[in-house]
Amino acid sequence: MENLIALLVAAPLLGAAVLLCGGRRLDAVGHWIGTVLAAVSFVIGAVLFADMLGKDAEAREIGQHLFSWIPVEGFQADIAFQLDQLSMTFVLLITGVGTLIHLYSIGYMEHDERRRRFFGYLNLFLAAMLLLVLADNYLLLYVGWEGVGLASYLLIGFWQHKPSAATAAKKAFLVNRVGDMGLSIAIMLMFTTFGTFAFGPVLESAGETSEGKLTAIALMLLLAACGKSAQVPLQSWLGDAMEGPTPVSALIHAATMVTAGVYLIVRSADIFNLAPDAQLVTTVVGAVTLLFGAIVGCAKDDIKKALAGSTMSQIGYMVLAAGLGPIGYVFAIMHLVTHGFFKAGLFLGAGSVMHGMNDEVDMRKYGGLRKYMPVTFVTFGLGYLAIIGFPGLSGFFSKDKIIEAAFAKGGTEGWILGGVALLGAAITAYYMTRVMLMTFFGEERWRSRPTASPDQPDVEPAAEHQGAHAEPHPHESPRSMTIPMIVLAFGSVFAGAFFGIGDRFVHWLEPVTGHKHGHPPVSALTITLSTVAVLVLGAGLAYLHYGRRPVPAVAPRGSLLTRAARRDLLQDDFNHVVLVRGGEHLTRSLVYVDHTLVDGVVNGTAASVGGLSGRLRKLQNGYARSYAVSMFGGAAVLIAATLLMRAV
Amino acid sequence: MTPTTSVEATTQLAAYTTSTGEAVQFWVLGTVAVIGALCTVFMKKAVHSALCLAGTMIILAVFYLANGAYFLGVVQIVVYTGAIMMLFLFVVMLVGVTAADSLKETIKGQRWLALLCGLGFGILLVAGIGNASLTEFSGLGQANAGGNVEGLAQLLFTKYVFAFELTGALLITASVGAMVLTHRERTERAKTQRELAEQRVREGKHLPPLPAPGVYARHNAVDIAGLLPDGTPSELTVNRTLRERGQIRDVSAEALNDLKALEQRSAARLERTRSGEASK
Amino acid sequence: MNPVNYLYLAALLFTIGATGVLIRRNAIVLFMCVELMLNACNLALVAFSRMHGNLDGQIIAFFVMVVAAAEVVVGLAIIVSLFRSRHSASVDDASLMKL
């Protein structure tokens, strides 16, 4: 069974290699190769999962050592895999949701002539992410980490003919690089502290190290997680990453990429547990991002960007939970999985809407679409209910537990974190209701002439791509797109209940992450009821704003906060002013120092040496007689010395 | 006393003691030798330097004799003054009269440095000798007892035989080296008259034969520059060596001076004849 | 008179020769000065020979003469070939070492 682990990674990697090296002759079947290999990976994962279920909870961890990568004296890096319950969860999520997204992309990318390449990148993304979660040491994890960064760069910038996409890809890559630096520093620190990178030895011997070192490592890991998971302050790339094709957004937001940061924190739980300061910072980062993403999500009219804000916010929940320690790890992962379902469903739904609306993304030009795309409406709606935490659906179970855990942190911190989480839940309900209402309800704002007769719901696919300015003809998406959405909707509805009832998920993950039952200052029921209450509050407010009143087709100016939120709460302006300008000033002053001080010293030395040599060179005038004089003088000195020695 | 014994006596005398005669000889000839050495250094023309050096060397030969080194004294005269100095003169001749260089120094500070070093070196050397407490004074009477040449020969062919053989090798090497250095193999065929003419045209040098010197057949007239139509002398007409020696005579002025002198002389003679006639 | 005076004379001549080597530019005169220095040495050697009462000093002076002869032969050959190629006997013109 152990030998199958490598195949998990190998299958999509093979797909990427074949598709990217295969050339145009694979154009016709490329998407199927990619999808089948992703599915193969999922099947292997399922087999391994079944095998794992058959064992005792403590004996479920298996590993596979492939070969020694860098065997050097005092430095051992292995290509080795480790599959435990945590990795298993991720493997199933990545391959499962990934396969569905592959399937969806077949229809979505049907008219893109570079579809084969797109599938190659998707496979590469899966392979890198699987390598990340299956690695048994931090160095190999880093390889996967960088692979994810590369694949995300390639996919976000897939439509590279658009300057905005190219810029967004570059931005994602650069911002991620800051986080990557954190991870590499953390790995170096680990090596100097523990002498190894492997999870086992590092995490086991964490207790023998000073808290300062552990805090440093944990903070560096947190920086890395911030980069990949788009947490404040490295969140700015996520919104722009919407420039990629919608399946990519779904993949990034649901199954891969952004979950890597949470995985890293939970995987390094033993380090974080011993560094309370780093944990506190983690919770603060999570809480801030949670509100940040939610506020941004409220103001965006671009459906994908609104969902991106929501992702940021939901990952904020996970990071917050991961920062809470043993009372939160399990729920972070649980929320991650349920979020994987409903967020993938939401994104695929959004993609489906765009597909039917001539790639229009502005929600102010949607409206009343439920009649035209019923499947999308239902699946999107179920995802919506799941994300806001409607009782009984996935999000309800996972998010409620996180809020509980936040209150259970205890003390003032607990109240603050719990309050923020509750507030976040209210805002989530508000902006998701807004998205829902603006897209599927209300008047049909996409009609250019209100008097025009309604179009046929199922137009020919050829009619889809007329001109960008032609009036859209909303229609349901093809089967290959709707089936994944339906499957994901099932997940959105039932996954939470399946995991949450009877603490199944807790028991599943406990051997790996450890679990402590949190004791919130108020009863769990109170928290659940208040969660539902704020949910109703937020949704009701949104209904008042967007359901009762007509939505203006052009965005009103809005309040200061709205305008700021539309500009992503000025994150780019902040980066520009503080980092870019600051960097420029720093560089300029460094250049000045370099030119005047360093060059001055160097040039001064050179000039003085040159001047001295210029003087000395005069001695070397090339005239034999001059040299003879020095010889003669030397002889005189020699005689003088001899005489002096005799005299003494 | 047989002649041989008298020779031995003088030998012993020369070897043991320093007579008053020798002292006088030393001071007189020593002064001349120093003057000769200074002249060697400071004479402007190489020939003069060579002559002065030859004089100094002869005086040194006398000193060798006075010091009981009869063989060396003779060798000094024969080899040094006779052969080496003549070699020098030959080379001076080869290199040419133009090689008379000015004593003007071109390297900045070289002369002062040289004089300073020389002075310091001399003072130190003299101080060293004075410091050496050379009071023991054996004389060569014993060593020269069997004759100076025989004694030298005995040493040369026994104790110093290897060095002697090596000097032989050295001399052979030197003569071969000198031949190699001065011999010039013609690596290309000589240029024909035509090629030389074409080369002159190419280089834009003086094409026709050089103009002849001025011909005033009053003496060996090659050192008189020919006059150009406007009356100025042309240096081109005079041989290059004479030109570089600065031995061109300014004919224009000289001719006028000559004319003036002639007129004066003729006037004086006319006066004389007139007065003679008048007195008659 | 003390024969040490011969040594003083030799020192004087040697110094004059050395200074001449430094001052003159004509290679031939320069060579003559070198010969003067060698001769001064020979005089000193002969004087030493007299002081020590053996002939070794004279033998060495003899060798010096032989070597000087060889040196003059080679040196003058060098001067001649130098003059042939440069049309100058000045040692300052043979300053290829200069920059």
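Let's start with Arg615(A), which sits in helix H23 of chain A, spanning residues 571-619; helices here are DSSP runs of H or I with at least four residues, strands are runs of E with at least two, and both are numbered from the N terminus. This is a predicted model, in which local features need pLDDT of at least 70 and side-chain atom pairs count only at pLDDT 80 or more, while totals for chains, interfaces and linings use all residues. Residues are numbered from 1 along each chain as its sequence is written, chains are lettered from A and ligands numbered from 1 in the order written, and side-chain values use heavy atoms, leaving out hydrogens and water.

Arg615(A) is exposed, at 62% relative accessible area (exposed means over 50%, buried under 20%, partly exposed in between, with a 1.4 Å probe and protein chains only). Together with Arg617(A), Lys618(A) and Lys108(B), Arg615(A) makes up a positive surface patch.

Helix H23 also carries Val601(A), which is exposed with a relative accessible area of 52%. Val601(A) belongs to a nonpolar surface patch with Tyr592(A), Val593(A), Leu597(A), Val598(A) and Val602(A), and their accessible area together is about 570 Å².

How do we define these patches? Their residues have over 30% relative accessible area and no salt bridge, with like charges joined within 9 Å and nonpolar side chains (Val, Leu, Ile, Met, Phe, Trp, Tyr) within 5 Å. A salt bridge puts a side-chain nitrogen of Lys or Arg within 4 Å of a carboxyl oxygen of Asp or Glu.

Now for chain B: it has 10 helices and two strands, in the sequence order α-α-α-α-α-α-α-α-β-β-α-α. Of its 280 residues, 29% count as buried.

Conventions. Areas by Shrake-Rupley, 256 points an atom, 1.4 Å probe, with all protein chains shown as cover. Lys, Arg positive; Asp, Glu negative; His and termini not counted. Charge placed at Lys NZ, Arg CZ, Asp CG, Glu CD.
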